[in-house]
Each structure stands twice: as structure tokens, then as C-alpha cells.
Amino acid sequence: MHEMGIALQIVEIASASIPAELENVRVVRVNLKVGKLAAIVPDSLRFCFDIAVKDTPLADAELVIEELPVLARCKACRAEWIISDPVFTCEQCNSGSLEILSGRELDIESIEIAEEDGNDSK
Amino acid sequence: MILNDGLKIQRCHYHHEEFHKPRPGQSNRIAPAGERQAGTREIKVVRRVLDVNAKMAEQNRRMFAAQGVYVLNVMSSPGSGKTTTLEKTLARIMPEIKCAVIVGDICTTHDADRLAISGAPVVQVNTDEFGGDCHLAAHVIEKAASNLELGGVDLLIVENVGNLVCPAEFDIGEDARVVVLSVTEGEDKPVKYPLMFRQCDAALLNKIDLLPYLDYDKQKAIAYIHQVHPDMPVFEISAKTQDGFDPWIEWIRDRVGQKSSLP
Ligand SMILES: Nc1nc2c(ncn2[C@@H]2O[C@H](COP(=O)(O)OP(=O)(O)O)[C@@H](O)[C@H]2O)c(=O)[nH]1
Ligand SMILES: [Mg+2]
Ligand SMILES: [Zn+2]
């Protein structure tokens with residue numbers, strides 16, 4: 001639902017990550033990590049991204065989304081497991097006191113830029 | 001008093017999917033270094049996309065702490081009864097607890113008008129620019145709060161935009177989050193929107209006055225809530241009749257009292 005706002009943030013962060021000494025660079029990929037617990041629908045995000053990149057150095061960029069599973073650790077018995085259904089109790093000891101180790105991510109890992117002098121990109 | 005501060009917030013696309021499962025045919029790839037296209041160079045970024053919001057929320061949290069204001073973020077689907085619950089709650093706790101309200105309504109001032117009857121200062125956040133928005137972000141709260149005199153205020157209640165997805169993702173600097181779920185919605189809302197139910201500190205199961213007329217399985221709904229968030233307090237209430245309000249009011253009093261008694 002808020003994918004457009006997220007897409008705009010991604011474009012902003014990615015644009016700001018282009019090294020200052022490079023001119024007319026073309027970003028070809030943005031690598032994003034999205035946890036499965038994040039309130040993000042990857043297809044909607046890709047759709048919004050393609051709109052948000054217009055007239056930016058990311059105009060031709062592809063958004064590559066790596067989805068990360070929800071990894072939990074039981075605070076009582078230290079068991080670790082991947083939560084695939086929305087059940088947040090320990091599989092071993094039934095405790096409901098969990099730490100979510102991953103699954104909330106919404107992180108830009110890296111960008112990839114074309115190694116050319118950029119004459120054909122503007 | 002109602003202040004319409006004319007804030008515009010980001011448009012969002014209305015689209016949700018149940019607890020995200022990997023779908024066939026969907027590529028979840030990140031290119032390992034070797035797989036990159038020839039002639040490209042990778043630049044590490046490693047930044048949280050919601051960093052700006054997270055920082056703003058922390059700033060709000062410090063500001064609210066400095067003013068001794070307890071902040072409650074109230075969320076639900078549209079129509080679950082947030083405004084009605086807050087109207088009745090304000091009537092019960094004011095003037096003993098001094099309250100202020102920020103309400104994120106999509107395009108009307110109806111909710112703000114209803115809440116202003118309590119005598120609490122109300123700031124309405126205007127979100128109508130694109131005909132519907134999905135959440136209040138930390139910077140919107142900061143701006144709205146700056147229009148309130150928080151000096152003597154003990155409790156700032158934020159009625160978030162009606163939506164069970166996006167508000168869960170946006171920290172606003174609150175002390176506690178409450179989700180309202182009504183018995184006219186499906187019992188399985190908690191498992192469809194697990195992040196919301198995990199992020200909240202209490203759930204209000206509202207409209208219990210309607211139970212005799214419905215086939216709603218209340219125990220099942222509560223079991224689903226606890227499946228997603230074991231031990232979360234669930235208050236069964238009717239905002240219409242105020243049935244079940246005592247434990248809920250007690251919960252608020254406790255929490256507000258703890259914060260304002262801090263040194
Ligand atoms: N029967 C009944 N109706 C309620 C109750 N709480 C709210 N409503 C009604 O539900 C509708 C939506 O309520 P409102 O407070 O505006 O919901 P919001 O969109 O979450 O703020 C209104 O018509 C309310 O009168 C309740 O406890 N019982
Ligand atoms: Mg309302
Ligand atoms: Zn365990």
C-alpha cells in the first residue's frame with residue numbers, strides 16, 4: 001500500500017549512493033533485501049519503482065528483490081527456526097517469548113552501475 | 001479546538017496480500033558477485049530504506065519523553081471503531097488525565113469534530129491529496145505535534161489512518177500501539193496481518209454488543225491473536241455500550257502513570 005513512498009525512498013538513497021566523481025552514470029540494478037514480515041508486496045514495489053525512476057540516473061535500473069525468511073529464536077530454550085506460517089510460538093517448548101532475528105528487513109544492499117563513460121546515457 | 005495543519009502525506013498503493021509466501025515463478029535472486037552483467041560495477045550501500053522515518057521517530061520519542069507525554073498509537077481497519085472508542089475513552093479519563101489527539105483522517109474532519117467534543121485539543125492531519133493515504137509517518141506526527149501545546153498534556157492519542165498494513169511499518173515515536181478489531185470483521189485478521197498484531201501492545205476486540213446477532217467465533221479470534229502475539233492483552237469491549245471498558249481504562253491509567261512518575 002505504501003509501496004510508492006518506499007520506491008521513492010529507494011530511488012533517493014540509491015541516487016545518493018552514486019559516487020560523486022562519476023558523471024552521467026547509469027544504474028543498472030538496485031539490490032534490495034525484504035523480510036517476509038515486512039508489509040511489502042514485491043510485485044507492487046517493482047511496479048512503483050519503475051514509475052519512481054523516471055528522469056533519474058536509475059531510469060533503466062532493475063529492482064532485484066531478495067526475500068528473507070522470518071527467522072526466530074526462542075528466548076526460553078534458544079531454539080532457532082524459520083516461521084513460514086504466522087504462528088509465533090516455539091516449536092520446541094511452546095514459549096511465546098521470541099526474538100525475531102530476521103524477517104523485518106527493508107534494506108538496500110547495493111547498486112550496480114554501468115562501466116561506460118556515459119555518453120549514451122543522457 | 002481543531003487545527004487543520006494541511007499536511008499532505010505520501011500516496012500509497014492499496015494492495016495487500018496475505019502473509020507473504022513465496023510464489024511460484026517469482027524470482028528472488030540477488031546477483032552473486034560473479035553473476036553480474038559484464039561492464040558493471042557494484043557499489044555497496046547497506047542502508048535501511050525507512051532510516052529517515054526511524055530517525056525521525058526516535059527524535060519524536062525524545063521530544064515526548066522530555067515533555068512527559070505518553071503517546072498511544074491506535075490502529076485498525078476503517079470502521080472498526082477507533083473514533084468511537086476514543087470518544088468514550090476520553091470522556092472517562094479526562095480531565096484527570098490531560099489528553100490531546102492527532103487524527104489521520106482521509107478527507108473529512110468528521111473524526112476530529114467528534115473527538116473535539118471531549119474538550120481535548122485535536123489536530124487533524126489532512127491526507128486527501130490523492131484521495132486516500134495509508135499511514136501517518138514520523139515527520140507528519142512531528143509537524144502535527146508542533147501545533148499542539150504539549151506542556152500540560154499527559155497523554156497524546158494518535159488515531160492512525162484506517163489500515164492494517166502500512167501503519168505497522170512506520171514507527172512514529174509512540175510508547176504503545178493498540179489495534180482495534182471488531183467482531184464484524186473476519187476472525188482471521190490477525191493471521192492475515194501478522195506484523196500489525198506483533199507490533200501492538202494490546203488489542204481491543206470491539207462491538208461485542210453485536211455478538212448475539214452474529215456467527216462470530218470470539219474464542220477463535222482471540223486464539224488467532226495469541227497465535228501471532230502470545231500473551232498480548234485483549235480487551236473485549238463495546239464502544240457503544242462501554243461494556244468491558246474498566247480493564248482498558250485501567251491499562252491506560254497504569255501506563256500513563258508510569259511514564260509521568262519517572263524522574
Ligand atoms: N454496534 C456497535 N457499533 C459500533 C461500535 N463501535 C463503533 N461502532 C460503529 O461503527 C462505525 C464506525 O465507527 P468509527 O468509530 O467511526 O470507526 P473508525 O473508522 O475505526 O474510527 C460507526 O457507525 C460506529 O457507530 C460498537 O461497539 N458497537
Ligand atoms: Mg475514525
Ligand atoms: Zn523454546
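Me: In what sense do strand 6 of chain A and strand 2 of chain B pair, and over how many bridges?

Reply: Good place to start! Strands of a sheet pair through backbone hydrogen bonds, and the pairing can be parallel or antiparallel. Keep in mind that this is a predicted model. Here, strand 6 of chain A and strand 2 of chain B are antiparallel, with 7 bridges between them. One facing pair is A:Ile108 and B:Arg47.

Me: Which order do the strands have in the open sheet of 4 strands?

Reply: Read the order from one side to the other: 2(A)-1(A)-6(A)-2(B), and the pairing is mixed. At the edges you find strand 2 (62-68) of chain A and strand 2 (40-48) of chain B, each of which pairs on one side only. From one strand to the next, the twist averages 20°.

Me: How many bridges link strand 1 and strand 6 of chain A?

Reply: Strand 1 (residues 27-35) and strand 6 (residues 106-114) of chain A are joined by 7 bridges, in the antiparallel sense. To follow the pairing by eye, look for residues that face each other. A:Val27 is opposite A:Ile113, and A:Arg29 has A:Glu112 as its bridge partner.

Me: Is strand 6 of chain A largely enclosed or open?

Reply: To judge that, check how many of its residues are buried. In strand 6 of chain A, 9 of the 9 residues are buried, so the strand is largely enclosed by the rest of the structure. Helix 1 (residues 3-16) of chain A lies across this strand, as well as across strand 1 of chain A and strand 2 of chain B. The helix runs at about 50° to strand 6 of chain A.

Me: What is the strand order in the open sheet of 3 strands?

Reply: In a regular strand, side chains alternate between the two faces of the sheet, which is handy when you trace one. This sheet belongs to chain A, has the order 4-3-5 and is paired antiparallel. Its edge strands are strand 4 (80-83) and strand 5 (98-102) of chain A, pairing on one side only. On average, its neighbouring strands are turned by 35° against each other, direction ignored. Strand 3 (residues 70-74) of chain A is connected to strand 5 of chain A by 4 bridges, and A:Leu71 faces A:Ser102 there.

Me: Which residues are the protein donors of the zinc ion (ligand 3)?

Reply: Begin with the atoms around the metal, then look at the angles. Four tetrahedral donors would ideally make angles of 109.5 degrees. For the zinc ion (ligand 3), the SG atoms of A:Cys74, A:Cys77, A:Cys90 and A:Cys93 lie 2.3 to 2.4 Å away. The angles among these 4 donor atoms are 102 to 115°, and the site is tetrahedral. Along the sequence, the donor residues are spaced C-x2-C-x12-C-x2-C.

Me: Which residues coordinate the magnesium ion (ligand 2)?

Reply: B:Thr83 (OG1), B:Asp111 (OD) and B:Glu159 (OE) coordinate the magnesium ion (ligand 2) at 2.1 Å. Their spacing along the chain is T-x27-D-x47-E. B:Thr83 belongs to helix 2 (residues 82-93) of chain B and B:Asp111 to helix 3 (residues 110-116) of chain B, so this pair, 28 residues apart, links distant parts of the chain. B:Thr83 is buried at 5% relative accessible area, and B:Asp111 is buried at 13%.

Note on methods: Residues are numbered from 1 along each chain as its sequence is written. Chains are lettered from A and ligands numbered from 1 in the order in which they are written. This is a predicted model: local features need pLDDT of at least 70, side-chain atom pairs count only at pLDDT 80 or more; totals for chains, interfaces and linings use all residues. Side-chain values use heavy atoms; hydrogens and water are left out. Two strands pair if DSSP finds at least two bridges between them. Helices (H or I, at least four residues) and strands (E, at least two) are DSSP runs, numbered from the N terminus. Axes are lines fitted to C-alpha atoms, for helices over the stretch in contact, and angles run from 0 to 180 degrees between N-to-C directions. Donors are N, O and S atoms within 2.8 Å of the metal (3.2 Å for Na, K and Ca); water is not among the atoms, so sites may look incomplete. Four donors count as tetrahedral if all angles lie between 85 and 135 degrees; four count as square planar and six as octahedral if opposite donors are over 155 degrees apart and all others between 65 and 115; anything else is irregular. Buried means under 20% relative accessible area, exposed over 50%, partly exposed in between (1.4 Å probe, protein chains only). Contact means heavy atoms within 4.5 Å.
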